[in-house]
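The following report describes the architecture of one protein chain, element by element. It is intended to be read beside the sequence and the three-dimensional view.

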Amino acid sequence: MLVKQKGIIIKTVDYGESDKIITILSESGAKIPLMVKRAKKSRTGMQANTQLFVYGLFIYAKLRGLGILNSVDVISQNYQLRLDIYESSYAALCAEIIDKSMDEEQISKFNYQLLHFCLNRVEKGYSAQLMSVIVLLKKMPDFGFTIAFNQDIISGDTNQANLCGYSFKYHGVIAQENLYRDERAVPISNKTLYLLDVLQKLPIDKMNSVNIHQDIVDEMSDLLIMLYREYAGVFFRSQKLINQLHRLESNNQKK
């Protein structure tokens, strides 16, 4: 039986010499793995149409196990994402976070809306790194933890101006007055903590314009990756590539 389903490709894995397995996140919020025969053969036309981030109408044979892709009517290649390796890597991080947050049989329309929102904003020129921060914030509960960025974990102080770091000893944000309690607390600016709190609470359909200074985005990103490693035991493959790119760039600047 042939099935038609709109969706976005969130994962691709080479299979043998010429085939690949793709996973699409459908509009209904389901993950659908599909075998693509001869995907790496240019004559089939499947090579370009089965890349990461392609949004389209997928026509496939539904089988008991892995479906077999028949054709793709491409709606958007999300081509802009492939022009910059950093943007592409952070967009891949968005897709990977959402993929890992879902069980195979889980259906979440919000996940589709979140990914569509992020890719659409990157196409419009917004920072893909900032979009990955938003995804990391929104998906925390699915990885089994939440963080309150608007109050001191020890005293409950909610004066944002006093907040200055994150304590893995006390598992929360810490204020200046309690900084002596944890010498290893990670310094975080109060502005970064304030914006993390705003982005965490603000629904994506209310994020009409999101522009944040790069230094703050970097600080947000670094903290969130640390939180995921500490509380969920997760390190994303896409983040490993991003780290390698940063090290390469740093080494080139030193020469």
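## Helix α2 and its cap

In this predicted model, Asp84 caps the N-terminal end of helix α2. One of the side-chain oxygens of Asp84 is placed 2.8 Å from the backbone nitrogen of Tyr86.

Helix α2 covers residues 85-101, 17 residues in total. From the first C-alpha to the last, the helix reaches 24 Å, close to the 24 Å expected at 1.5 Å a residue. Of its 17 residues, 13 are buried, so α2 is largely enclosed by the rest of the structure. As a general point, residues three or four places apart in an α-helix point the same way, because there are 3.6 residues a turn.

## The five-stranded barrel

Five strands form a closed barrel in the order β1-β2-β3-β5-β4, with mixed pairing. From one strand to the next, the twist averages 50°.

Strand β1 (residues 2-15) and strand β2 run antiparallel and are joined by eight bridges; within this pairing, Ile9 has Ile24 of β2 as its bridge partner. Strand β2 is also antiparallel to strand β3 (residues 31-36), to which six bridges join it, and here Leu25 is partnered by Lys31 of β3. Strand β3 in turn pairs with strand β5 (residues 67-76) in the parallel sense, over two bridges. In that pairing, the bridge partner of Met35 is Ile68 of β5.

How far is strand β2 enclosed by the rest of the structure? Seven of the eight residues of β2 (residues 19-26) are buried, so the strand is largely enclosed.

## Hairpin turns and positive phi values

The hairpin of β1 and β2 has three residues between the strands, and Gly16 takes a positive phi near 70° there. In the hairpin of β2 and β3, four residues lie between the strands, and Gly29 takes a positive phi near 95°.

Most residues other than glycine have a negative phi. Arg38, although not a glycine, has a positive phi of about 55°. Arg38 belongs to the loop between β3 and α1 (46-49) and is partly exposed, with a relative accessible area of 49%. His171 likewise has a positive phi, near 60°, and is a residue other than glycine. The position of His171 is in the loop between β6 and β7, and at 43% relative accessibility His171 counts as partly exposed.

## The three-stranded sheet

A separate heading is given to the open sheet of three strands, whose order is β7-β6-β8 and whose pairing is antiparallel. Its edge strands are β7 and β8 (186-187), each of which pairs on one side only.

Strand β6 (residues 163-167) pairs with β7 over four bridges, in the antiparallel sense. Ser167 has Gly172 of β7 as its bridge partner.

## Aromatic pairs and their cluster

The structure holds seven aromatic pairs. One of them joins Phe168 and Tyr231, with 6.1 Å centre to centre and 35° between the planes, a tilted arrangement. Which parts of the chain does this pair link? Phe168 is in the loop between β6 and β7, whereas Tyr231 is in helix α6 (residues 214-231); these distant parts of the chain place the two residues 63 residues apart. Tyr231 is partly exposed, with a relative accessible area of 25%.

Tyr228 and Phe236 also form a pair: their ring centres are 5.8 Å apart and their planes stand at 55°, so the pair is tilted. Tyr228 is buried, with a relative accessible area of 0%, and Phe236 also counts as buried, at 1% relative accessibility. One aromatic cluster is formed by Phe143, Phe145, Tyr166, Phe168, Tyr228, Tyr231 and Phe236.

## Confidence of the model

The pLDDT of the protein chain averages 91, and 96% of the residues score at least 70. Which elements mark the two ends of the confidence range? Among the elements of the chain, helix α7 (residues 237-254) has the lowest mean pLDDT, 80, and strand β7 (residues 172-175) has the highest, 97.

Terms used: Residues are numbered from 1 along each chain as its sequence is written. Side-chain values use heavy atoms; hydrogens and water are left out. The expected span of a helix is 1.5 Å times one less than its number of residues. Buried means under 20% relative accessible area, exposed over 50%, partly exposed in between (1.4 Å probe, protein chains only). A polar contact is a pair of N or O atoms within 3.5 Å; within protein, one must be able to donate a hydrogen and the other to accept it, and residues adjacent in sequence count only if both atoms are side-chain atoms. Two strands pair if DSSP finds at least two bridges between them. pLDDT is the predictor's confidence in each residue, from 0 to 100. Rings of Phe, Tyr and Trp (its six-membered ring) pair if their centres lie within 6.5 Å; planes under 30 degrees apart count as stacked, over 60 as edge-to-face and the rest as tilted. Axes are lines fitted to C-alpha atoms, for helices over the stretch in contact, and angles run from 0 to 180 degrees between N-to-C directions.
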